Amino acid sequence: MNTKLVLGLGGTVDYEIRWDSRVIEDLVGEYSIVESELDSSISVKTERDLVVSLLAFVRGGVGGERFVASSDIVETFASRFDKRITLGGTCVRAAMAMQTLGVSSTVHLVSIDDNVRRLLPPGCAYISSAQGDTTDPHLIVQFNEGARVTAGDIDIRAPHPNRVIFANDPPNGELALSDDLGSALESAEVFMLSGFNSIQYPGLLNQRLLGVRQHMTHLSSSAVVFYEDAGFHVPEMSLRVRDALIDVIDVYSLNEDEMQAYLGRGLDLLDAREMGQALRELHALIPAPTLVVHTKYWSLALGEHAQSYRAALQGGITMASSRYLLGDEFTEEDYREVGLRLPGERGAEFAAALEGRLGDDVSCVPALVLTAEHPTTIGLGDTFVGGFIAALSDSSCLLISSLDEEAD
């Protein structure tokens, strides 16, 4: 078991459905859904609610994650489509991406079943808090740019490819911690944290935050703690996690949707002036030593040692780009070839302009030029994390914490 890289805190079994506009349109007619009802934030208590929420996401071309009242809703909706069963969760997808490059790790799981045992590749060891086998699937709906739904007064076309997650997952909602986590962290060089977003009760969340901090006392002072934000089922819980862990996090990472949710407004991701101000505001809200933001146009590190994370940012972009183009099946050779692609012109111009504004406080790497007839939009953020950590584990970034300690 490789415990130099420990990734937590929970994995999932996913139902990835194949988009079919006809099925969606039939459901719009069956449930008499009208355009004025579309709202991505509604509570998903029925299959009808799920369709209303999903169509709002598609209309905006944005991704997200929503809690559903019952796994039966997921099963019913998924049964209408062709689907495949995969493994998800940030820690698991990141570990599987890393394994593509031969980088082994240990993941912390809160649930286990035969799907996990069958699909977790050799080299991905695990510890688990599960007391028995359970299966609570996450519904993953991905849509391509231009995906269209026309039914009744609804006529929408997705402006961007993206994915939406719907789930009711009691083990991840509990996020019980394995008694073995502390001992696994004793030799860890990197500890990646994610998964608190499924917890819905403040008291339980506080318990888990106290518990993980206790386990983290086993970390060496030179270990890098990487936190990946997520779409919280109860949005205000995100701030609780930030406040409880900010003093022990080295790298706080989030995507463009989470960034805009924190700031409470939409942003022009290619306007260096607007983004420069927004990033300053964001870092004031999330005062981690280093803030990482990954988007479809660029990824950046802001704050202490920003320049030292450039190779890790490039690794994250290359890994996510490989998945976008080739899905689960990409190889190390594919990864190397994708890494040779040119950066996008608009992203490169933005990166240069932003670095000109913010100086050494920021390291911004443009996304690569990618064209795919059937892109994979599921798990890109998770895969970015895997590429980032794989590159981080093979670079001088791991010396940062120990150098800081010596400086003190």
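User: How far apart are the centres of domain 1 and domain 2?

Analyst: The centres lie 26 Å apart, taken over C-alpha atoms. This is a predicted model, where local features need pLDDT of at least 70, side-chain atom pairs count only at pLDDT 80 or more, and totals for chains, interfaces and linings use all residues. Residues are numbered from 1 along each chain as its sequence is written, and side-chain values use heavy atoms, with hydrogens and water left out.

User: Which residues make up domain 1 and domain 2?

Analyst: Domain 1 holds 5-12 + 89-131 + 170-402, and domain 2 holds 14-86 + 137-167. The bounds come from an automatic or database domain assignment.

User: How many residues does each domain bring to the contact?

Analyst: Domain 1 gives 20 residues and domain 2 gives 20 residues. Contact means heavy atoms within 4.5 Å.

User: What is the area buried between domain 1 and domain 2?

Analyst: About 1600 Å², with 45% from carbon and sulfur atoms. Buried area is the accessible area (1.4 Å probe) that two parts lose on being put together, summed over both. On the side of domain 1, Thr 12, Thr 377 and Ile 378 supply 33% of what it buries against domain 2, more than any other three residues.

User: Why is the pair Arg 93 and Glu 16 called a salt bridge?

Analyst: The rule asks for a side-chain nitrogen of Lys or Arg within 4 Å of a carboxyl oxygen of Asp or Glu. In Arg 93 and Glu 16 the closest N and O atoms are 3.3 Å apart. That is within 4 Å, so the pair qualifies. Between domain 1 and domain 2 the count is 3 salt bridges.

User: What makes helix H10 mostly covered?

Analyst: Of its 8 residues, 6 are buried. Buried means under 20% relative accessible area, exposed over 50%, partly exposed in between (1.4 Å probe, protein chains only). The buried ones are Glu 256, Glu 258, Met 259, Gln 260, Tyr 262 and Leu 263. Their cover includes helix H9, strand E13, helix H11 and strand E14. Helices (H or I, at least four residues) and strands (E, at least two) are DSSP runs, numbered from the N terminus.

User: What follows H10?

Analyst: Gly 264 does, with a positive phi near 75°.

User: Why does Arg 242 count as buried?

Analyst: Its relative accessibility is 14%. The cut-off is under 20%, so Arg 242 counts as buried. Arg 242 sits in helix H9. Leaving aside neighbours within four places in sequence, Arg 242 is in contact with Tyr 252, Tyr 262, Leu 285 and Ile 286. Tyr 262 is also one of the buried residues of H10.
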